[in-house]
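Here is a set of exercises to work through with the model open beside you. Take them in any order you like, and try each one before reading the solution.

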Amino acid sequence: MPDFSLEQEFQRDLGGNPGAKVIGLDEAGRGPWAGPVVAAAVWLNPDTLPSPLRDGLDDSKKLSAKARENLFEALLALSPEQAAIGRGEAAVEEIDALNILQASLLAMQRAAAAISITAGAALVDGRQTPALPCPARPVVKGDSRSLSIAAASIVAKVSRDRAMALLAAQHPGYGWERNQGYGTAEHRAGLDRLGVTAAHRRSFRPIRDALASKP
């Protein structure tokens, strides 16, 4: 289960700034064929974080949709003394122009810029870090190890799921309210029947193939 060990270790490594606030960064939506990639930055106060949240936070992929929603709402209800949250995204056009990795890093950079505190350091899920004004450390499977990253993974995932539900209402027939834009059989059937929308990632091979096969 995630805890604050990595945050505390990073604080110690900062030497002259042991009280620096360490944020967690994560993104959601690298794999789908449609929609933006969404990122979140979260700072949690280890001295005031409520026990139910401390015990419930985990990698968003390990949680049920209901559990994610409940934790998301609980995180947003925390006071500024308990937590700070920033969100950012990269649009489909940016994904196609930059590639999904660079767009994901851009979304995380925007999330970090949107947070209401001055971050002293950042723990970033994955193997690469975005350009930030503070020291940053990549953490493989960080959402299973760091409470800050776990919280960021939940905020990013729920925020993106809600965005895809809105896009589903604009583009019915692809099942995005259920598959969040991933390449499911339902999504593929929608592509075959309805074609490519403005919300699809044209740089992704299945979408390029769908466009190429259009008469």
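**Exercise 1. A loop residue and its partners**

Leaving aside its neighbours within four places in sequence, which residues is T197 in contact with?

*Solution.* Before starting, note that this is a predicted model, in which local features need pLDDT of at least 70 and side-chain atom pairs count only at pLDDT 80 or more, while totals for chains, interfaces and linings use all residues. Residues are numbered from 1 along each chain as its sequence is written, and side-chain values use heavy atoms, with hydrogens and water left out.

- Step 1: Look for contacts, meaning heavy atoms within 4.5 Å. With the neighbours within four places set aside, the partners of T197 are H171, Y174, W176 and R202.
- Step 2: Check the accessibility. T197 has a relative accessible area of 9%, so it is buried (buried is under 20%, exposed over 50%, partly exposed in between, with a 1.4 Å probe and protein chains only).
- Step 3: Look at the side chain. A polar atom of the T197 side chain lies 3.1 Å from the backbone nitrogen of A199.

**Exercise 2. Charged pairs**

How many salt bridges does a search of the whole structure find?

*Solution.* 

- Step 1: Apply the cut-off, a side-chain nitrogen of Lys or Arg within 4 Å of a carboxyl oxygen of Asp or Glu. The search returns 12 salt bridges.
- Step 2: Take R68 and D161, whose side chains meet at 4.0 Å, N to O. This pair links distant parts of the chain, with R68 in helix α3 (residues 65-76) and D161 in helix α6, 93 residues apart. Both R68 and D161 are buried.
- Step 3: Turn to R178, which has a salt bridge with E177 at 3.0 Å between the closest N and O atoms. R178 also has one with E186, where the closest N and O atoms are 2.4 Å apart.
- Step 4: R178 is exposed at 53%, E177 is partly exposed at 41%, and E186 is partly exposed at 33%.
- Step 5: Find the network of salt bridges that joins E9, D13 and R137.

**Exercise 3. A strand residue**

Is A121 buried or exposed?

*Solution.* 

- Step 1: Locate A121 in strand β4 (residues 121-125).
- Step 2: Read its relative accessibility, which is 0%, so A121 counts as buried.
- Step 3: List the contacts, again leaving aside neighbours within four places in sequence: F10, L14, K21, V22, I23, C134 and P135.
- Step 4: Pick out V22. The C-alpha atoms of A121 and V22 are separated by 4.8 Å, although the two residues are 99 apart along the chain.

**Exercise 4. Backbone angles**

Where does N99 lie?

*Solution.* 

- Step 1: N99 is in the loop between α4 (92-98) and α5 (100-114).
- Step 2: Its phi is positive, about 100 degrees, although N99 is not a glycine.
- Step 3: With a relative accessible area of 39%, N99 is partly exposed.
- Step 4: Repeat for Q180, in the loop between α7 (176-179) and α8. Phi of Q180 is near 55 degrees, again positive in a residue other than glycine. At 15% relative accessibility, Q180 counts as buried.

Notes: Helices (H or I, at least four residues) and strands (E, at least two) are DSSP runs, numbered from the N terminus. A polar contact is a pair of N or O atoms within 3.5 Å; within protein, one must be able to donate a hydrogen and the other to accept it, and residues adjacent in sequence count only if both atoms are side-chain atoms.
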